[in-house]
Amino acid sequence: MKKITYILLLLVGAFTFVACDSTETYAEELAKERTAISKYIADSAVTVISETQFASQNYTTDVSKNEFVLFSKSGVYMQIIREGCGEKIKNGETCTVLCRFSERNLLTDSLQLTNNILTWAYLVDKMSVTDNSGTFTAAFLKESSLMYTAYSSTSVPSGWLVPLTYIKLGRPEKADEEIAKVRLIVPAAQGQYYANLSVYPCLYDLTYERGR
């Protein structure tokens, strides 16, 4: 319980830092968000490709060139590091998806949440996902979710659902099989509750595995 309280205090502190200037207009907050994203892209030598080029590359991104595809409608940038093993979610199917992640606030350039460390390793985020003709809906399961523990919401960031069209979900059964892994730049409107409220973008390193 003390560990959970500690991380929530950290999150509240981060939220307060971002939200402290209440005189900013929403347009100014969006401008700061765009600047933070542009800075990350420049500093990390990201090569941004269009959805058309992404399709022409058979829906892959070249990690050696640090390619990210920009989805113009949502503003989400995605890099597929590993497509994963198994199969894609089928139309009409509901399945459990297990995720490990690191969440970095790009406005403050700080790591603010992760279950890739020993303290939180037991909380593999679990979500129930349904494919409705290519539109994905999802909810975190309360009994196993660091995101729920931190943000008190079962809502899955919309940005987390973007890769599901392009990756496979499975459980490795052979030595050469790996679960899917992506890197995402998620603007506030597609992010978690505090990101949306305080208008800051997040960088996610995120893995997806089919649950039982």
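**Fold, core and charged pairs of the predicted chain**

Of the 212 residues in the chain, 44% are buried (under 20% relative accessible area, with exposed meaning over 50% and partly exposed in between; 1.4 Å probe, protein chains only). The model is predicted, so that local features need pLDDT of at least 70 and side-chain atom pairs count only at pLDDT 80 or more, while totals for chains, interfaces and linings use all residues. Residues are numbered from 1 along each chain as its sequence is written, and side-chain values use heavy atoms, with hydrogens and water left out.

The chain contains 6 helices and 9 strands (DSSP runs numbered from the N terminus, H or I of at least four residues for helices and E of at least two for strands). Its accessible surface comes to about 11000 Å², and 53% of this belongs to carbon and sulfur atoms (Shrake-Rupley method, 1.4 Å probe; for residues, only the protein chains shown count as cover). Among contacts in the chain with a separation of 6 or more, 63% are between residues 24 or more positions apart (a contact being heavy atoms within 4.5 Å).

The largest nonpolar core has 42 residues (a set of buried Ala, Val, Leu, Ile, Met, Phe, Trp, Tyr and Cys residues joined through side-chain atoms within 4.5 Å). Met78, Met127, Trp160, Leu164, Leu184 and Tyr208 touch the most other members of this core. With residues up to four places away in sequence not counted, leucine 164 touches Ile89, Val129, Phe136, Leu169 and Tyr208. Another core, of 10 residues, lies apart from the largest one and includes Ile37, Val46, Tyr77 and Leu203.

Strand β8 is mostly covered, 5 of its 7 residues being buried. It runs antiparallel to β3, to which 5 bridges join it, and antiparallel to β9, with 7 bridges (strands pair if DSSP finds at least two bridges between them). In β8, leucine 184 stands opposite methionine 78. Aspartate 205 in β9 stands opposite arginine 183.

Asparagine 66 is located in the loop between α3 (51-56) and β2 (67-71). This asparagine counts as buried because its relative accessibility is 17%. Its side chain is joined to that of glutamine 79 by a polar contact of 2.9 Å (a pair of N or O atoms within 3.5 Å; within protein, one must be able to donate a hydrogen and the other to accept it, and residues adjacent in sequence count only if both atoms are side-chain atoms). Asparagine 66 touches Ser44, Ala45, Val46, Thr47 and Gln79, residues up to four places away in sequence not being counted.

The structure holds 8 salt bridges (a side-chain nitrogen of Lys or Arg within 4 Å of a carboxyl oxygen of Asp or Glu). One of them joins aspartate 43 to lysine 39, with the closest N and O atoms 2.6 Å apart. These two residues are 4 residues apart in helix α2 (residues 26-43), and are therefore separated by about one helical turn. Aspartate 43 is exposed, at 55% relative accessible area, and lysine 39 is exposed at 53%.

Arginine 82 and glutamate 178 also meet in a salt bridge through their side chains (3.9 Å, N to O). Arginine 82 lies in strand β3 (residues 76-82) and glutamate 178 in the loop between α5 (158-161) and β8 (180-186), so this pair ties together parts that are 96 residues apart in sequence. Arginine 82 is partly exposed, with a relative accessible area of 23%, and glutamate 178 is partly exposed at 44%.
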